[in-house]
Number of protein chains: 2
Amino acid sequence: MTYRLHNFFRSSTSTRVRVALNLKGLDYDYIPYVLRNGETWTPDYLGRNPQGLVPTLELENGTSLTQSLAIIEWLDETHPEPPLLPADAMGRVRVRALACMIACEIHPLNNLRVLLRLGDQFGADETAQKAWFTHWVTTTFDALEETLQNPETGRFCHGDTPGLADVCLYAQVWNNRRFDIELNTWPVISRIFAELDALPAFSNAAPPKQPDAT
Amino acid sequence: MTYRLHNFFRSSTSTRVRVALNLKGLDYDYIPYVLRNGETWTPDYLGRNPQGLVPTLELENGTSLTQSLAIIEWLDETHPEPPLLPADAMGRVRVRALACMIACEIHPLNNLRVLLRLGDQFGADETAQKAWFTHWVTTTFDALEETLQNPETGRFCHGDTPGLADVCLYAQVWNNRRFDIELNTWPVISRIFAELDALPAFSNAAPPKQPDAT
């Protein structure tokens with residue numbers, strides 16, 4: 001089975017799926033798209049993903065899976081080792097909630113199409129876009145830092161095994177660099193990011209390491 | 001076991017959890033918060049939910065669960081009947097992706113704190129907020145409508161059993177009414193909403209039926 005990952009090096013949701021594939025030890029072909037050039041708005045791509053968003057994970061039989069969290073849950077169900085979620089329900093709800101803090105409260109507000117819309121509708125320039133982006137990162141990272149100050153946090157977001165929350169955290173910290181947001185004010189997040197970045201499954205999925213990185 | 005649901009009648013994420021609790025046949029105490037009055041920013045509430053967001057599901061032992069999608073997955077794991085996700089992995093990834101289209105691409109852009117931020121940062125008035133809100137609903141509902149034109153769609157989003165995607169769809173359609181968005185242009189979504197609204201588990205969770213509705 002060879003997967004084809006339709007994605008973009010700087011896309012945070014693409015980074016998440018690259019990490020998950022690496023953690024599961026799965027090979028994939030890297031199919032890059034330049035979002036700013038509208039390369040995901042072709043009839044062919046829209047047939048795979050009607051939202052025109054990345055990533056899309058294409059299976060060997062041609063089936064396309066969309067939405068990074070759904071893809072990662074699918075990978076975890078179909079390739080159970082190593083697990084990306086704890087075995088116990090209380091651990092699972094904690095990890096999913098941490099992941100959703102990032103996936104539902106930061107990234108949706110800060111991706112390229114939203115920044116472009118701010119420009120179109122409100123004339124937001126780079127400075128205004130940075131203020132917007134930083135506001136949402138700070139609002140949620142402040143709460144995430146507090147939530148992680150918990151005995152269930154270990155070397156990683158939950159215990160000593162990297163999982164779904166770590167995947168989202170790692171991708172978001174890379175995304176923050178788009179606007180030079182430093183991690184100094186969030187020591188737990190900063191420490192976990194450093195731990196993750198020392199693991200090849202994570203660092204090999206980082207934006208600068210991808211073939212389409214500019 | 002009696003749950004305590006900290007929530008707000010008009011909150012779309014609160015509606016999702018109310019529907020899920022109803023589908024599982026679980027009783028809960030309804031604890032209302034007026035978001036515009038900052039009632040979720042008290043030290044007590046922030047101790048339960050450092051994001052100051054609703055909903056929070058409080059368990060009998062005092063544990064607080066946050067983030068609606070994580071809470072619903074937890075309810076489904078701990079109260080398996082009736083299931084809110086299909087039994088097969090391909091069905092599960094489809095349902096989770098449909099849910100994420102709404103939960104990660106519409107609602108995060110359109111909730112109260114985002115509309116307030118548009119006002120603060122860009123001076124967006126009610127008309128500009130409506131244009132913003134409608135843009136994101138339309139963008140994703142167009143893609144959702146196309147995705148639902150699929151043989152796997154049945155009476156509901158996936159087959160003939162209501163599940164996680166339906167929970168998100170139902171809550172979003174109610175949320176759309178905040179800005180009078182009609183469903184006419186999305187016939188499949190419109191049909192599914194009508195099917196859901198005929199089920200007491202859904203209709204009893206609708207915003208106007210809640211004790212704090214104004």
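A crossing of two helices is called right-handed if the near helix is turned clockwise from the far one by less than a right angle. The views below come from a predicted model, and that handedness turns up in more than one of them.

**View 1. Helix H3 of chain A packs against helix H4 of chain B.** H3(A), residues 68-78, meets H4(B) at an angle of about 160°, and the two axes are 8 Å apart. Angles over 145 degrees count as roughly antiparallel, so H3(A) is roughly antiparallel to H4(B). As H3(A) passes H4(B), the crossing is right-handed. From H3(A), the contact takes in Leu69(A), Ala70(A), Ile71(A), Glu73(A), Trp74(A), Glu77(A) and Thr78(A). Facing them from H4(B) are Ala89(B), Arg92(B), Val93(B), Arg96(B), Ala97(B) and Cys100(B). Sort these residues by class and you get 8 nonpolar, 1 polar and 4 charged.

**View 2. Here is the side of chain B that touches chain A.** In this pairing, 36 residues of chain B are in contact with 36 residues of chain A. Which elements of chain B supply at least two residues each? They are strand S4 (64-66), H3, H4, helix H5 (107-110), helix H6 (112-122) and helix H7 (126-148). H4(B) gives the largest share, with 10 residues. By class, this side of chain B has 21 nonpolar, 8 polar and 7 charged residues.

**View 3. A two-fold axis relates the two chains.** Turn chain B by 180°, shift it 0.0 Å along the axis, and it can be laid on chain A with an RMSD of 0.0 Å. That is the relation of a two-fold axis. Which C-alpha of chain B is nearest the axis? It belongs to Cys104(B), and it sits 2.6 Å from the axis. Both copies use the same surface, with 100% of the contact residues of chain B recurring in chain A.

View 4. Most residues other than glycine have a negative phi. Gln67(A), though, has a phi near 70°, a positive value in a residue other than glycine. Look for Gln67(A) in the loop between strand S4 (64-66) and H3 of chain A. Is Gln67(A) buried or exposed? It has 29 other C-beta atoms within 10 Å, and 20 or more make a residue buried, so Gln67(A) is buried. Over in chain B, phi of Gln67(B) is near 70° too. Gln67(B) lies in the loop between S4 and H3 of chain B, and with 29 C-beta neighbours inside 10 Å it counts as buried.

View 5. Most peptide bonds are trans. The bond that joins Val54(A) and Pro55(A) is cis, with omega about 0°. Pro55(A) is in the loop between helix H2 (43-48) and strand S3 (56-58) of chain A. From Glu81(A) to Pro82(A) the peptide bond is cis as well, with omega near -15°. You will find Pro82(A) in the loop between H3 and helix H4 (89-105) of chain A.

**View 6. Pro83(B) sits in a loop of chain B.** Its place is between helix H3 (68-78) and helix H4 (89-105) of chain B. Pro83(B) and Leu116(B) are 33 residues apart in sequence, and their C-alpha atoms are 37 Å apart in space.

**View 7. Helices H1 and H8 of chain B cross each other.** The axes of H1(B), residues 12-23, and H8(B), residues 164-176, come within 8 Å and cross at roughly 140°. H1(B) and H8(B) are therefore oblique to each other. H1(B) passes H8(B) in a right-handed crossing. H1(B) brings Ser12(B), Thr15(B), Arg16(B), Val19(B) and Ala20(B) to the contact, while the H8(B) residues include Tyr170(B) and Trp174(B). The class tally for this contact is 7 nonpolar, 4 polar and 1 charged.

**View 8. Helices H8 and H9 of chain A meet.** H8(A), residues 164-176, and H9(A), residues 187-197, have axes that come within 10 Å and cross at roughly 100°. That makes H8(A) roughly perpendicular to H9(A). The contact is made by Asp166(A), Leu169(A), Tyr170(A) and Val173(A) of H8(A) with Ile189(A), Ile192(A), Phe193(A) and Leu196(A) of H9(A). By class there are 7 nonpolar, no polar and 1 charged residues here.

Terms used
Residues numbered from 1 in each chain as written. Chains lettered and ligands numbered in written order. Predicted model: local features only at pLDDT ≥ 70, side-chain atom pairs only at ≥ 80, totals over all residues. Helix = DSSP H or I, 4+ residues; strand = E, 2+ residues; numbered from the N terminus. Contact = placed C-beta atoms within 7 Å. Nonpolar A, V, L, I, M, F, W, Y, C, P; charged D, E, K, R; others polar. Axes fitted to C-alpha atoms, helices over the stretch in contact; angles between N-to-C directions. Parallel < 35°, antiparallel > 145°, perpendicular 65-115°, else oblique. Least-squares fit on C-alpha atoms with pLDDT ≥ 70 in both. Buried ≥ 20, exposed ≤ 12 C-beta atoms within 10 Å, placed from the backbone.
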